[in-house]
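Please find below a colleague's note on the structure shown here.

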Amino acid sequence: MSQASVDEPKTSNRVRFELELEFVQALANPYYLHSLAQQGILNQPAFVNYLQYLLYWKEKEYARFIQYPHALHHLELLQHTQFRSEIAKDEWREFLNQKQFDHWRTWFVSCRSPPYFNETR
């Protein structure tokens with residue numbers, strides 16, 4: 001067996017991993033979800049099945065590669081028909097975007113502020 005034939009599956013698995021990782025992370029963007037919904041992509045049975053398949057990213061050995069944790073939360077929400085239809089509405093996109101912003105704003109402060117900043121002198 002040549003080295004090229006050994007490397008071929010490894011390379012294709014890496015490419016697939018990177019593509020799926022990039023796609024899952026894109027799900028963190030409410031505007032992207034809104035765009036998919038408006039195009040009718042979120043209603044296609046094959047795409048719904050693909051979203052269900054992607055749930056393996058929630059497992060510890062894969063989740064550690066996710067840089068945008070909201071992606072996993074949105075992936076979970078996308079499993080529900082009601083969310084897939086509601087995200088097509090502008091007000092839902094804005095609601096989700098605001099909730100995400102609020103989370104990041106408060107999380108950043110609580111995780112980054114040294115304890116002595118919170119003390120009164």
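1. Confidence. The model is predicted. Its protein chain has a mean pLDDT of 86, and 83% of the residues reach 70 or more. Confidence is highest in helix α3, at 98, and lowest in helix α7 (residues 90–112), where the mean is 76. Where pLDDT is low, the predicted coordinates should not be read in detail.

2. Nonpolar core. The largest nonpolar core has 22 residues, and the members that touch the most others are Leu42, Leu51 and Trp57. Two or more residues of this core come from each of the helices α1 (3–26), α2 (30–38), α3 (45–53) and α5 (70–77).

3. Leu51. Setting aside neighbours within four places in sequence, the contacts of Leu51 include Phe23, Leu27, Leu42, Leu75 and Leu78. Gln79 and Arg84 are also in contact with Leu51. Leu42, one of these partners, is itself among the residues that touch the most other core members.

4. Glu20. This residue belongs to helix α1. Is Glu20 buried or exposed? Its relative accessible area is 6%, which is under the 20% limit, so Glu20 counts as buried. The side chain of Glu20 makes a polar contact with that of Tyr53, at 3.2 Å. Not counting residues up to four places away in sequence, Glu20 touches Tyr50, Tyr53, Leu54, Tyr56 and Trp57. Of these, Trp57 is also named among the residues with the most contacts to other core members.

5. Salt bridge within helix α1. Six salt bridges are found in the whole structure. One of them joins the side chains of Arg14 and Glu18, with N to O at 3.1 Å. Both residues lie in helix α1, four residues apart, or about one turn of the helix. Arg14 is exposed, with a relative accessible area of 56%, whereas Glu18 is partly exposed at 39%.

6. Salt bridges around Arg93. Arg93 forms a salt bridge with Asp90, the closest N and O atoms being 3.5 Å apart. These two residues are three apart in helix α7 and are therefore separated by about one helical turn. Arg93 is buried, at 14% relative accessible area, while Asp90 is partly exposed at 40%. Arg93 also meets the side chain of Glu94 in a salt bridge of 3.0 Å, N to O. Glu94 is partly exposed, with 33% relative accessibility. Through shared partners, the salt bridges join Asp90, Arg93 and Glu94 into one network. When reading this point, note that helix α7 has the lowest confidence in the protein chain.

Conventions
Residues are numbered from 1 along each chain as its sequence is written. This is a predicted model: local features need pLDDT of at least 70, side-chain atom pairs count only at pLDDT 80 or more; totals for chains, interfaces and linings use all residues. Side-chain values use heavy atoms; hydrogens and water are left out. A nonpolar core is a set of buried Ala, Val, Leu, Ile, Met, Phe, Trp, Tyr and Cys residues joined through side-chain atoms within 4.5 Å. Buried means under 20% relative accessible area, exposed over 50%, partly exposed in between (1.4 Å probe, protein chains only). Contact means heavy atoms within 4.5 Å. A polar contact is a pair of N or O atoms within 3.5 Å; within protein, one must be able to donate a hydrogen and the other to accept it, and residues adjacent in sequence count only if both atoms are side-chain atoms. pLDDT is the predictor's confidence in each residue, from 0 to 100. A salt bridge is a side-chain nitrogen of Lys or Arg within 4 Å of a carboxyl oxygen of Asp or Glu.
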